[in-house]
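Please read it beside the sequence and the model.

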Amino acid sequence: MWRAGKRSCSWHMGDPVTLNVGGHLYSTSISTLTRYPDSMLGVMFRGDFPTAKDNQGNYFIDRDGPLFRYILNFLRTADLTLPHGFKEIDLLRKEADFYQIEPLIHCLNDPKPLYSLDTFEEVVELSSTRKLSKYSNPVAVIITQLTITTKVHALLEGISNYFTKWNKHMMDTRDFQVSFTFGPCDYHQEVSLRVHLMEYIAKQGFTIRMTRVHHMSERANENTVEHNWTFCRRARKTDE
């Protein structure tokens with residue numbers, strides 16, 4: 001059940017906000033969403049346009065959820081970067097037109113290549129499935145599975161060799177994946193281990209492009225949450 005209404009303008013520009021776009025959750029800031037004041041999002045988050053919320057209180061927009069990652073990244077950087085071989089340009093143009101982001105519309109209509117022809121984008125997908133079991137308050141036991149997916153073999157090898165204290169239960173270079181499980185542990189230990197891995201990936205030149213959160217199940221004594229991060233870096237093509 002969604003509810004509509006005008007947003008109060010009491011927020012600061014750096015305040016975080018969560019959007020539900022077609023069932024996909026995105027976390028960002030008011031300053032990012034209002035980067036282009038005349039856009040639909042700029043008007044919406046200035047409080048001049050009715051807004052809708054889902055049952056969790058997230059701002060709801062009934063549009064293409066996966067494509068919104070490119071809309072949001074453009075708002076963050078003012079630069080359009082698409083993966084090599086991207087095939088949904090026409091759909092993205094429709095989304096840009098809906099959100100009325102004029103600079104993005106111009107980028108998508110520009111006949112020049114959207115990325116340098118002698119470079120490509122390397123991608124790392126990190127997923128974290130965390131199961132929190134509460135056997136007796138305030139004791140909480142956390143079991144987490146981390147999966148790293150990338151075609152950058154050196155990164156997979158480095159992670160596999162560097163994080164030797166974790167219980168590595170799968171490394172399949174054919175599927176470009178390495179997975180770990182760790183726990184039981186408390187919340188602070190779990191966050192520390194996850195941040196350690198993300199810092200390792202960042203040190204290899206990757207930056208976070210997108211973050212997603214999915215609540216898989218929620219019961220009285222158990223809560224399962226999946227986090228997903230997409231890291232990217234540009235690389236230059238080499239002649240083979």
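Strand S10 gives the largest share of the lining of the largest pocket, five residues. The model is predicted, so local features need pLDDT of at least 70 and side-chain atom pairs count only at pLDDT 80 or more, while totals for chains, interfaces and linings use all residues. Residues are numbered from 1 along each chain as its sequence is written, and side-chain values use heavy atoms, with hydrogens and water left out.

**Largest pocket**
- The largest pocket has a volume of about 330 Å³; 17 residues line it, and Asn73, Thr77, Thr207, Ile208 and Arg209 are the closest to its centre.
- A pocket is an open set of points on a 1 Å grid over the protein atoms alone, where a 1.4 Å probe fits, with protein on both sides within 12 Å along at least five of seven lines; lining residues have an atom within 4 Å of a point.
- Grid points are joined across faces, edges and corners, and the volume is the space filled by probe spheres set on the points.
- At least two lining residues each come from strand S3 (24-29), H3, strand S10 (207-218) and strand S11 (222-236).
- Helices (H or I, at least four residues) and strands (E, at least two) are DSSP runs, numbered from the N terminus.
- The lining has five nonpolar, six polar and six charged residues, where Ala, Val, Leu, Ile, Met, Phe, Trp, Tyr, Cys and Pro count as nonpolar, Asp, Glu, Lys and Arg as charged, and the others, Gly among them, as polar.

**Helix H3**
- Helix H3 (residues 68-77) is largely enclosed by the rest of the structure, because eight of its ten residues are buried (under 20% relative accessible area, 1.4 Å probe, protein chains only).
- Those buried residues are Phe68, Arg69, Tyr70, Ile71, Leu72, Asn73, Phe74 and Leu75.

**Ile159**
- Ile159 lies in helix H6 (residues 153-162) and counts as buried because its relative accessibility is 0%.
- Leaving out residues up to four places away in sequence, Ile159 touches Ile148, Val178, Phe180, Leu197, Tyr200 and Ile201 (contact means heavy atoms within 4.5 Å).
- Val178 is 19 residues from Ile159 along the chain, and their C-alpha atoms are separated by 8.2 Å.

**Whole chain**
- The chain has seven helices and eleven strands, and 40% of its 240 residues are buried.
- Of the contacts between residues at least 6 apart in sequence, 63% join residues at least 24 apart.

Methods: Buried means under 20% relative accessible area, exposed over 50%, partly exposed in between (1.4 Å probe, protein chains only).
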